[in-house]
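These are my notebook entries, written while I looked things up one at a time.

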Amino acid sequence: MSPTELQVVVAGERYALPVTAVIEATAFGDVTRIAGAPAAVMGVRPVRGQVLPVIDLHVVFGLPLEAAPRWIVVVEHEQVVAGLAVDGLLDVAPAGPMRPSESPLLAGEATADGALVGTIAIDALFERVAGVAA
Amino acid sequence: MTVSGDIISIFRGEAGERVDRIVEVLLSVERGDATPEAADALMRELHSVKGAAAIVGLDDVSSLAHAMEESLGDARTSGAVAAELVEPLLRAADDLREAIAGRSPAPATATSAAAPGPAADVPPPGREAPPPETDRRTSIRVDAGRVDRLLDLAGEAALHHRRMAHALAPEVRTHVVDDLLDEGDMLLTGLHESTLELRTVELSTVTGQFTRAVRDLAHEQGKEIAFEVDGDSIRLDRALLEGTGDALTHILRNAVDHAIETPDVRERVGKSRQGHIHLRGEQQGDRVCIEVSDDGRGVSSELLTRGRHAGSLAAVLSEPGLSTAPSVTHLSGRGVGLDAVRRHAEAVGGTLEIESVPGEGTAVRLVLPVTLAVTHVLLTERAGQVYGVPMSGVTSAVTVDSHMSLRGQRSIEFDGDSLRAADLLTLLGGSGEALPPRPTAIVVNAPAGRVAVLCDRVAGEEDLVVKPLGRLLSTTPGYLGAALRGDGRLALVLDPAHLARAVAMGQADRPASPAGSPLATAAPTARRVLVVDDQFTVRELQRSILEAAGYRVTTARDGQEAWRMLLDDGSADLVVTDIEMPHMDGIELLQAIRARPALESLPVVVVTSRAGKDDERRGLEAGADAYISKGGFDQQALLDTVGRLIGS
């Protein structure tokens, strides 16, 4: 039984998030920058009455940022909610057979349609972002 | 017959309250100030619990209550409760409480365990027990989560109304529409405020358990302590209550463990054998002050001195790791609890204050906002972003104009005082446009004193619903949260305590380079210093010193040349100038610089030829940031002064 994932695009690379962790996806909109925040946090944005931190996956994975991200995927892990800024949304589909990944931020990697898809480990991502001092 | 879960939880709530009252009566018997009706009151409560428990089928509760009634047997006839019954009845009440909550009673030995874990000794503040002060028939019991949701909706509705009003095009805003909108605003604000009141509960909800806890702790340690609670009918937001209960628990623990001496020690130093701890709650405007004071040994004079230097005893005592310092062994364990207390207070926008007299006693004060939900803030702008500072932390906002000097470590004159000042943007660790020529200074008050935070302008006052930024941003200091404003944009709400500390520590204050050149963001480029002196040797000496320290140096022979250079390309972050020079002396140069809006905040160091007060005074009056004396040329003084103003 393979978990269903939402696939997203960040700087041309493909990443996936388990749908059980995804609350919604919304247009990028206005993100308020927070002076002094860690580099991976672009800022905050109100979503349904809550103020959410927006994590820039380009910064997290060391990818070039060409234009403003177009989407924010709101994810939740153990009561912590955050938005992930991505360039594009793809399919919702079952995960392919996964291999372990070298990156501590990825729960695994799979191949789909000739492209590598990295499944993001949200807990590790949050820890990395929260642990980085301003 | 199975009883519904709702009915059982109603029973639990009511029976829990009865046990609270039973414990109160028993404690008053022990103190010796019980009323003649004490025995009757106990019997009544036990009887009610027994009956209700039987109805909902909780037989173990019922038999426990019955057993307690039986042991009070004689009291029914004599009307008085024997003193030796108090201890066993208190233990039985604990068991009764456990049984009511559906947990099997702990073995008798555990209730008096000497294990010093803070949670084990002090029962957690009752989260479900609502204040027992209202009569059952005129109040209803409501699940707290529902009140929270109601409050959220009410707050959002009020804000939504404002956003809607804001979004309506002007041509639609007839008088009729305006009146309706105003009325709507009033109704929704009223709704929000009333709902907020639903959520406030009395302080006694958490402090009620303390009397018992302090008594138990004191007994364990062989100390005699009289504990008094005052003003516990003040109300705070339920959301604050839990953390506050924990904080007070830490503070009380410290007082019993470390402050109050044993009776023998107290007698030896001439005090009464019985120590006193006093918990007092007081409402002060939109804040609540809870103070725990004791007549114990107080804090060591060494710590007191450190506190005086740091400007705050609370800051020194709440340093994590303080307890490990070998010279303060009698405070071991104190550090950890107080650190958490201070963080809790500041996380909700409040403060921790401590006063102490060595040998005589200590007072620990928690000052908290009445409610988290809505905060009255002063709005201010800096580099295109709107920030809010809670008014409770603001003394005043003033425009800094050319008549106020910017001296030394950037300060401003305010109310006859000299306040240290810093750019808000650099305090937050950001970078961007320089401050305008006449910035606004927000005077922030904090335990350590008053400081000034410089911004572009003030943008009014507003009531905002502040939402926390969340755990991912908890390492970013300085923010209480963010709030959605009427126009749909976010205002970032700042923590006055953090701002004050950052300014006082002189953190990252870099005066702006002349307008038009934004501050460097990533890699800091070398700071440029313009050295002005009519003597070649002096120029070259200062140049070599500054270049060796990493600055880029340009020189000018007199004020006129310097002025031309500044006008040409504004190519300096700081000017070091002699006073006595031909064509245009140092004072005239300084005056010309200060008169020009673009250069108004350019730091200028004046070099005086005699350590004369006259030069110094003229320099400062003309707007110099600092002065150094040329006589016996002090290389370190030059570097220190320049470093202080623009160093990295």
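At what angle do the axes of helix H7 and helix H8 of chain B cross, and within what distance do they come? I noted before anything else that this is a predicted model, and then I looked up the pair. The axes of H7 (residues 144-167) and H8 (residues 175-199) of chain B cross at roughly 160 degrees and come within 9 Å. Because angles over 145 degrees count as roughly antiparallel, H7(B) is roughly antiparallel to H8(B). I also wrote down that the crossing of H7(B) and H8(B) is left-handed.

Next I listed who makes this contact. From H7(B) the residues include B:Val147, B:Leu151, B:Ala154, B:Ala158 and B:His161, while from H8(B) they include B:Leu181, B:Asp185, B:Leu188 and B:His192. Sorted by kind, the residues of the contact of H7(B) with H8(B) are 13 nonpolar, six polar and four charged.

**Entry: helix H7 of chain B by itself**

I checked the length of H7(B) against what its residue count predicts. With 24 residues at 1.5 Å a residue, H7(B) should span 34 Å, and its end C-alpha atoms lie 35 Å apart, which agrees.

Which residues of H7(B) are buried? I found B:Val147, B:Leu151, B:Ala154, B:Gly155, B:Ala158, B:Leu159, B:His161 and B:Ala165. These buried residues pack against H8 of chain B, and also against strand S15 (457-465) and strand S16 (479-484) of chain B.

**Entry: B:Asp185**

I then picked out B:Asp185, which sits in helix H8 of chain B.

**Entry: B:Leu241**

B:Leu241 lies in helix H11 (residues 238-259) of chain B, and with a relative accessibility of 6% it counts as buried. Leaving aside neighbours within four places in sequence, its contacts are B:Val201, B:Glu202, B:Thr205, B:Val206 and B:Leu236. For B:Val201 I looked up the separation too: B:Leu241 and B:Val201 are 40 residues apart in sequence and 8.1 Å apart in space, C-alpha to C-alpha.

**Entry: B:Leu473 and chain A**

Which residues does B:Leu473 touch, not counting residues up to four places away in sequence? I found A:Ala37, A:Pro38, A:Val41, A:Val44 and A:Pro53. B:Leu473 is in the loop between S15 and S16 of chain B, and it counts as buried, at 2% relative accessibility.

Chain A has two helices and 10 strands, and read along the sequence they follow the pattern β-β-β-β-β-α-β-β-β-β-β-α. Of the 134 residues of chain A, 51% count as buried. Among contacts in chain A between residues at least 6 apart in sequence, 53% join residues at least 24 apart.

**Entry: two backbone angles in chain A**

Most residues other than glycine have a negative phi. A:Ala11 belongs to the loop between strand S1 (4-10) and strand S2 (13-18) of chain A, and it counts as partly exposed, at 30% relative accessibility. A:Asp113, also not a glycine, has a positive phi of about 50 degrees. A:Asp113 is in the loop between strand S9 (106-112) and strand S10 (115-120) of chain A, and it counts as exposed, at 76% relative accessibility.

**Entry: other helices of chain B**

Helix H17 (residues 496-504) of chain B is mostly covered, with seven of its nine residues buried; among them are B:Pro496, B:His498 and B:Val503.

How far apart are the axes of helix H18 and helix H22 of chain B, and at what angle do these helices pack? The axes of H18 (residues 536-548) and H22 (residues 635-646) are 10 Å apart, and the angle is about 60 degrees, so H18(B) and H22(B) are oblique to each other. H18(B) passes H22(B) in a right-handed crossing. The contact is made by B:Gln542, B:Ile545 and B:Leu546 of H18(B) with B:Gln635, B:Leu638, B:Leu639 and B:Val642 of H22(B), and these divide into five nonpolar, two polar and no charged residues.

Conventions
Residues are numbered from 1 along each chain as its sequence is written. Chains are lettered from A and ligands numbered from 1 in the order in which they are written. This is a predicted model: local features need pLDDT of at least 70, side-chain atom pairs count only at pLDDT 80 or more; totals for chains, interfaces and linings use all residues. Side-chain values use heavy atoms; hydrogens and water are left out. Axes are lines fitted to C-alpha atoms, for helices over the stretch in contact, and angles run from 0 to 180 degrees between N-to-C directions. Helices (H or I, at least four residues) and strands (E, at least two) are DSSP runs, numbered from the N terminus. Angles under 35 degrees count as roughly parallel, over 145 as roughly antiparallel, 65 to 115 as roughly perpendicular and the rest as oblique. A crossing is left-handed if the near helix is turned anticlockwise from the far one by less than a right angle, and right-handed if clockwise. Contact means heavy atoms within 4.5 Å. Ala, Val, Leu, Ile, Met, Phe, Trp, Tyr, Cys and Pro count as nonpolar, Asp, Glu, Lys and Arg as charged, and the others, Gly among them, as polar. The expected span of a helix is 1.5 Å times one less than its number of residues. Buried means under 20% relative accessible area, exposed over 50%, partly exposed in between (1.4 Å probe, protein chains only).
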